[in-house]
Amino acid sequence: MDLDRAVSDLTPRLLRYCTARTGSPSLGEDVAHDALVALIQRWRSYGPPDSVEAFVFAIARRRATRAALRQRLLVPIENLIGRRDGRRGPEDLTIDKSERDRAFTAIALLPPRDREALLLVVAAGLDTAAAATCLGISQSAFKVRTFRARRRLAALLGNGHAGT
Amino acid sequence: MLEPDDDFDRRIRDWLQPDQQTVERVKARALSTQPRRQRIERILALSAVAGLLVALAGMWFWRPASTDFDVFTATFNGDVLVIRATDGTTWILGPESGNQPPAGTGQVVYQGDQR
């Protein structure tokens, strides 16, 4: 697989995953870009990693966690100094009340471990083995987490999905 | 029981799906990013050039005063001032005597064949 094809394949998956992890399309885009740049630099300097997916999503996971934490720390400060006046921005208004907005909210309400497992499979498109390796857990433990996450998410979205 | 629900997953994926324009933008931006090593090398090269220019400018502004003029030595020998330049040129300045040397007091030095 050459670099161009790998990047083309990974970009939409990274964007989905990072957007869901950060809860913000713009922040997700930044995180996805950082993860792609890390992959490209690694590829050009030392050749492709053993598992391209594991490499790039491990970086995306770390950066998304950092970005979400930073955002959580900065929002109260921005509120305090008046940079955020509580009104919703154009981006928020565009997706307001949409299914996407509801999905973000529901995903954010999942327990972190379950959310991580679900997003690696659903948003990032990793198979169970790769995703379990990425999280450093067994495949059976991973399946339990994704099952739990699907059931909770379905309940949160109120569509009667039972996770069967 | 624990098998994935494809329809449910597809719905979540659709909600999170970015538009094609965003995908292309992120991809192009990532691919056009210079490798870190190249960036560091470029920064080092520019820093070296800037340092050299600053050093040259410093040397130009704080260079020692020019010493390319002739050095003269002046000595007084009685009423006669003898000025010698470094290139050997000599000027002798003194009061004009206006008189010839008195007769009989001069010496004639003859060099050469005695015949």
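Let's start where helix 2 of chain A meets helix 2 of chain B: A:Glu29, A:Ala32, A:His33, A:Leu36, A:Val37 and A:Ile40 on one side touch B:Thr22, B:Val26, B:Arg29, B:Ala30 and B:Leu31 on the other. Touching, or being in contact, has a cut-off here: the C-beta atoms of two residues, placed from the backbone, lie within 7 Å. The helices themselves are DSSP runs of H or I with at least four residues, strands are runs of E with at least two, and both are numbered from the N terminus.

Two housekeeping points. This is a predicted model, in which local features need pLDDT of at least 70 and side-chain atom pairs count only at pLDDT 80 or more, while totals for chains, interfaces and linings use all residues. Residues are numbered from 1 along each chain as its sequence is written, and chains are lettered from A and ligands numbered from 1 in the order in which they are written.

Nonpolar covers Ala, Val, Leu, Ile, Met, Phe, Trp, Tyr, Cys and Pro; Asp, Glu, Lys and Arg are charged, and the others, Gly among them, are polar. How do the two helices pack? Axes are lines fitted to C-alpha atoms, for helices over the stretch in contact, and angles run from 0 to 180 degrees between N-to-C directions.

Now the wider picture between the chains. 29 residues of chain A are in contact with 23 residues of chain B. On chain B's side, helices 1 (6–16), 2 (20–32) and 3 (36–61) each give two or more residues, and helix 2 gives the most, with seven. Chain B's side as a whole divides into 13 nonpolar, three polar and seven charged residues.

Next, look at helix 6 of chain A, residues 112–122. Is it enclosed or open? Eight of its eleven residues are buried, so helix 6 is largely enclosed by the rest of the structure. Buried means that 20 or more other C-beta atoms lie within 10 Å of a residue's own; 12 or fewer is exposed, and in between is partly exposed. Among the buried ones are A:Arg115 and A:Glu116.

Helix 6 of chain A also packs on helix 7 of chain A (residues 128–135), at about 140° and with axes 10 Å apart. These two are therefore oblique as well, and this crossing is right-handed too. Helix 6 brings A:Glu116, A:Ala117, A:Leu120 and A:Val121, and helix 7 brings A:Thr128, A:Ala131, A:Cys134 and A:Leu135.

Finally, chain B has an open sheet of three strands in the order 1-2-3, paired antiparallel. Strands pair if DSSP finds at least two bridges between them. Strands 1 (72–77) and 3 (90–93) stand at the edges with a single partner each, so one side of each has no neighbour in the sheet. Six bridges join strand 1 of chain B to strand 2 (residues 80–85), where B:Leu81 is the bridge partner of B:Phe76. Strands 2 and 3 of chain B share four bridges, and B:Ile83 stands opposite B:Trp91.

Key
Angles under 35 degrees count as roughly parallel, over 145 as roughly antiparallel, 65 to 115 as roughly perpendicular and the rest as oblique. A crossing is left-handed if the near helix is turned anticlockwise from the far one by less than a right angle, and right-handed if clockwise.
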